[in-house]
Amino acid sequence: MKLKYAGFATVAAILFSSQSANANLLFDIYGGVAVGAGGMAIFADNDNHSDSAQSYGAIVGIDIPALRFELEYDYLTNPDSDIHLGMLNAYFKMPSTVIHPYAGVGIGSAFSGNLYNTDIDTVAAYQGMLGVTFDVPALPIKIDAEGRALYAPNVYEIENIKPDILQYDLRVKLRYVF
C-alpha cells in the first residue's frame, strides 16, 4: 500500500516539475531596478546646456526567446531638473550562449517634473538601448549593462521657447525572474 502512494507522489512530482520547466522555456516574468549615470543636454533655440545626470528606475516585463517587453518607470535628475517618465520598451535579443547582446527601443511619456524651476508638460519621449545580459548561474537573477539615449521634445513652452531634452547614460539593471 505504501508503495502505491510513493508511486503516485513520484509521478505527480515529475509531471509538475516538467510542466514548470516547459513554462520557463516559453516566457519569464520579471521585475527589477535600474540605476544609471551619464549626461543631459537641453536644447532651446540657440541656447544649449549640458550637465551630468543620474537615472533611477523600476521595471516589470516578460522575456520570451527572441524578444523582451517591459514597462519602465524612470526618475531623471541633474542640478537643473528632475523628470518622471513612463516607458514601454521592446528588445530584440541576439542569439548567444553565455553573454546575451540586445538592442531595444522605447516609447512613453515624460509626465511630471521641472526644468529650470518650470513645470514640464506631459510630452512624448523616445529611447534607444544597446546592451548585454549576464545570467547569474543557479539563481533567478539577470544583470543587464546597457547604453541608453532618451529624447523628449518640447518639454514646456514659455515665451515661444520650447526646449528639447537629450539624456544619455550607462545603466545597470538587476532583474529578478519570478
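In the predicted model, L115 touches I42, D80, S81, I120, V155, Y156, P163 and I165, when residues up to four places away in sequence are left out of account. L115 also belongs to the largest nonpolar core, a set of 17 residues in which M40, I83, L85, L115, V155 and I165 touch the most other members. Two or more residues of this core come from each of the elements β1 (28–44), β4 (81–93), β5 (99–115), β7 (123–135) and β8 (141–152), and β4 makes the greatest contribution, with three residues.

Strand β2, which covers residues 47–63, pairs with strand β3, which covers residues 67–78, in the antiparallel sense over 10 bridges, and the hairpin that joins β2 to β3 passes through three residues. Within this pairing, I59 has E72 of β3 as its bridge partner. Strand β3 in turn runs antiparallel to β4, to which it is joined by 12 bridges, and these two strands form a hairpin with two residues between them. Here the bridge partner of Y75 is H84, which lies in β4.

The average pLDDT of the chain is 87, and 86% of the residues score at least 70. Over residues 15–23, however, the pLDDT is below 50, and this stretch has zero contacts in the model beyond near neighbours in sequence.

Technical notes: Residues numbered from 1 in each chain as written. Predicted model: local features only at pLDDT ≥ 70, side-chain atom pairs only at ≥ 80, totals over all residues. Heavy atoms only, no water. pLDDT = per-residue confidence, 0-100. Contact = heavy atoms within 4.5 Å. Core = buried A, V, L, I, M, F, W, Y, C linked by side-chain atoms within 4.5 Å. Buried < 20%, exposed > 50% of the residue type's maximum accessible area, 1.4 Å probe, protein only. Helix = DSSP H or I, 4+ residues; strand = E, 2+ residues; numbered from the N terminus. Pairing = 2+ DSSP bridges.
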